[in-house]
Amino acid sequence: MISGSWPGEIFVFYGQGQGKFAPRQMLRDAQGEVILLNREPRQSGNYFLVVGSAKIEKTKDGKQVVLRHGKRIEVPPGKQVGLTGTASTAHLADWDGDGDLDLLVGEIGGSVYYLENRGTRTQPAFAPPEKLKVAATKQKENDAVEKLKQSVRALVFRTAKVDETRGIRAPGGDAHPVAADWDGDGRLDLLLGCGNGSVRLYRNVGTRKRPKLAAPRVLVPPGNWNCTEENVHPGHRAKICVVDWNGDGRLDLLLGDVVSMRRRVQLTEEQKKLKAQLDQLNKQYRTLAMEYAKLFRKDAQKARQFQREKLLPLLRQMAKLRRQVPQESQLTGHVWLFVRRPLEK
Ligand SMILES: [Ca+2]
Ligand SMILES: [Ca+2]
Ligand SMILES: [Ca+2]
């Protein structure tokens, strides 16, 4: 069993038979390094950002270092260090048709990476990540011209198609790639669960050993974040599984999502009072959060102090109240089954 994670490491649970699994291990590449997309630290404004499971430590002389998987990363002087992640998703498939399992990894920005297994089926050795792209075609060029014509409108409506010949981009980020021969032509295609809840199909128009992906088609349209108990529908962050669910020989699609479910709640008098308090604190919080953002642009040090002394106590107070008042909306998720119908003649 394999799993992505926040902040981004990929975990493997080796099967021991009879439904049992060994404790998780971080998947490593051919060099023995923990597999992690965007592993190089990046600088953003005053920030020095490091991806992955790491911790920050202060040295005796007051400098900061990041410890990650047994390695030390020095923080450049004057920079504020931040830990972040890529929210990886992982899928194993023999992408290059040579008999061993390769790794497909999606991330929060919407990109998909292929890590070729240059080892064997039992002793994998994963190559560095390579971005999956849509193959450029003449049609693509026509699309580009069309896009240019529409670019003025696109600026207003933000409807411009993303050029995926430079890299696949799941709308709404949170790419979840799965390889399956969806069209049954003997070549693995790519299905992509997307942050906006849609599922896309990138047909393999290359060969079994050298896949080439066509421009995507939408199999499932974007979902909707807000649900009510009367109107439940697919939501966001589609995570998918391709399987012949009903055993009719045609691949079907399972989709897991996340939604904010609104429900009607009856509050007691006491709860109504608490809710009024909570609404009041919410208002205060919004004002303080704006002050914090302003302060942060001027002086990160002072902003952090402000956060410690003003914002965090308020947030704790709000969390306490929230536990006492039944909430009108709740994060939840569903599993959807899309059964494939035979082609209509
Ligand atoms: Ca392979
Ligand atoms: Ca295929
Ligand atoms: Ca089926």
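Two strands count as paired if DSSP finds at least two bridges between them. Keep that cut-off in mind at the hairpins below. The model on screen is predicted.

**Colour by confidence**

Start with the whole chain. Its mean pLDDT is 92, and 93% of the residues reach 70 or more. Now select residues 152-160. Here the pLDDT is below 50. Beyond near neighbours in sequence, this stretch has 4 contacts in the model.

Select Trp-6 and Pro-7. The peptide bond between them is cis, with omega near 10°. Pro-7 sits in the loop between β1 (2-3) and β2 (11-12).

Move on to Gln-18. Its phi is positive, about 55°, although Gln-18 is not a glycine. Look for Gln-18 in the loop that links β3 (15-17) and β4 (20-21). As background for both stops, most residues other than glycine have a negative phi, and most peptide bonds are trans.

Show β6, β7 and β11 together. They make an open sheet in the order β6-β7-β11, and the pairing is mixed. The edge strands are β6 (42-44) and β11 (80-84), each pairing on one side only. From one strand to the next, the twist averages 35°.

Zoom in on β6 and β7 (residues 47-51). This pair is antiparallel, with 3 bridges. Select Gln-43, then find Phe-48 of β7 opposite Gln-43.

Select β8 (residues 54-58) and β9. The two strands pair in the antiparallel sense, over 5 bridges. Ile-56 faces Val-66 of β9 across the pair. The hairpin of β8 and β9 has 5 residues between its strands. In that turn, click on Gly-62: its phi is positive, about 80°.

Arg-68 stands opposite Lys-71 of β10. How many residues lie between β9 and β10 in their hairpin? There are 2, and His-69 in the turn has a positive phi of about 45°.

Next, display β16 through β19. This open sheet has 4 strands in the order β16-β17-β18-β19, with antiparallel pairing. Which strands are at the edges? They are β16 (176-180) and β19 (217-220), and each pairs on one side only. Neighbouring strands in this sheet are turned by 30° against each other on average, direction ignored.

Focus on β18 (residues 199-202) and β19. They pair in the antiparallel sense over 3 bridges.

Finish with two helices. Select α3 (residues 269-298) and α4 (residues 300-324). They pack with their axes 10 Å apart, at an angle of about 165°. Angles over 145 degrees count as roughly antiparallel. The two helices α3 and α4 are therefore roughly antiparallel to each other. Their contact involves 15 nonpolar, 5 polar and 3 charged residues. Is the crossing of α3 and α4 left-handed or right-handed? It is left-handed.

Notes:
Residues are numbered from 1 along each chain as its sequence is written. Chains are lettered from A and ligands numbered from 1 in the order in which they are written. This is a predicted model: local features need pLDDT of at least 70, side-chain atom pairs count only at pLDDT 80 or more; totals for chains, interfaces and linings use all residues. Axes are lines fitted to C-alpha atoms, for helices over the stretch in contact, and angles run from 0 to 180 degrees between N-to-C directions. Angles under 35 degrees count as roughly parallel, over 145 as roughly antiparallel, 65 to 115 as roughly perpendicular and the rest as oblique. A crossing is left-handed if the near helix is turned anticlockwise from the far one by less than a right angle, and right-handed if clockwise. Ala, Val, Leu, Ile, Met, Phe, Trp, Tyr, Cys and Pro count as nonpolar, Asp, Glu, Lys and Arg as charged, and the others, Gly among them, as polar. pLDDT is the predictor's confidence in each residue, from 0 to 100. Two residues are in contact if their C-beta atoms, placed from the backbone, lie within 7 Å.
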